[in-house]
Amino acid sequence: MTRFNNHMDTALEEARAAAARGEVPVGAVIVGPDGRIVARAGNRTRELNDPTAHAEILAIRAACAALGSERLPGHDLYVTLEPCPMCAAALATARIARLYYAAADPKSGGVAQGPRIFTHPQCHHLPEVYDGINARASEALLRDFFASRRF
């Protein structure tokens with residue numbers, strides 16, 4: 001029997017690092033079938049001038065490069081915010097086995113909110129989805145980040 005290991009704290013570290021860079025504080029971690037972290041990333045859209053440089057996309061790219069594969073079957077992704085539609089589609093394409101996310105995203109989410117990417121017939125892979133893991137910590141980080149930018 002495999003013991004569940006919550007890697008959301010590591011994703012939150014990546015989110016805090018993103019906030020320190022002036023990025024929206026979202027962090028992601030990809031964990032292999034052996035329970036070890038394969039890749040980790042935080043948002044870098046502003047730093048890289050790349051609207052696709054979301055934490056999930058960067059983590060998927062790093063994990064695929066590290067493993068020499070375009071797919072990540074058997075791998076889990078932990079992310080501090082519900083993935084947007086673009087990231088949800090990338091998770092399906094990468095064949096991520098399980099998605100664990102912290103905070104829901106009523107405005108821009110693509111898993112439980114909005115277009116619900118995994119419910120579309122065009123979505124050829126459906127990861128297991130677990131939400132609400134360390135949600136309060138992620139919500140507080142996001143709330144504080146955006147509050148600090150309001151005048």
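**An open mixed sheet and its surroundings**

Five strands form an open sheet in the order β2-β1-β3-β4-β5, with mixed pairing. Strands here are DSSP runs (E, at least two residues), and helices are DSSP runs of H or I with at least four residues, both numbered from the N terminus. Two strands pair if DSSP finds at least two bridges between them. Strands β2 and β5 (128-131) stand at the edges, each with a single partner strand, so one side of each has no neighbour in the sheet. On average, neighbouring strands are turned by 15° against each other, direction ignored. The model is predicted: local features need pLDDT of at least 70, side-chain atom pairs count only at pLDDT 80 or more, and totals for chains, interfaces and linings use all residues. Residues are numbered from 1 along each chain as its sequence is written, and side-chain values use heavy atoms, without hydrogens and water.

Strands β1 (residues 27-31) and β2 (residues 37-42) run antiparallel and are joined by 5 bridges. Val-29 has Arg-40 in β2 as its bridge partner. The hairpin of β1 and β2 has 5 residues between the strands, and Gly-35 takes a positive phi near 90°.

Strands β3 (residues 76-81) and β4 (residues 98-103) run parallel, also with 5 bridges. Leu-81 stands opposite Ala-103 in β4. Helix α5 lies across β3 and β4, at about 55° to β4. Contact means heavy atoms within 4.5 Å. Axes are lines fitted to C-alpha atoms, for helices over the stretch in contact, and angles run from 0 to 180 degrees between N-to-C directions.

Aromatic pairs number 3. Rings of Phe, Tyr and Trp (its six-membered ring) pair if their centres lie within 6.5 Å; planes under 30 degrees apart count as stacked, over 60 as edge-to-face and the rest as tilted. The rings of Tyr-100 and Tyr-130 have centres 5.0 Å apart and planes at 15°, so this pair is stacked. Tyr-100 lies in β4 and Tyr-130 in β5, 30 residues apart.
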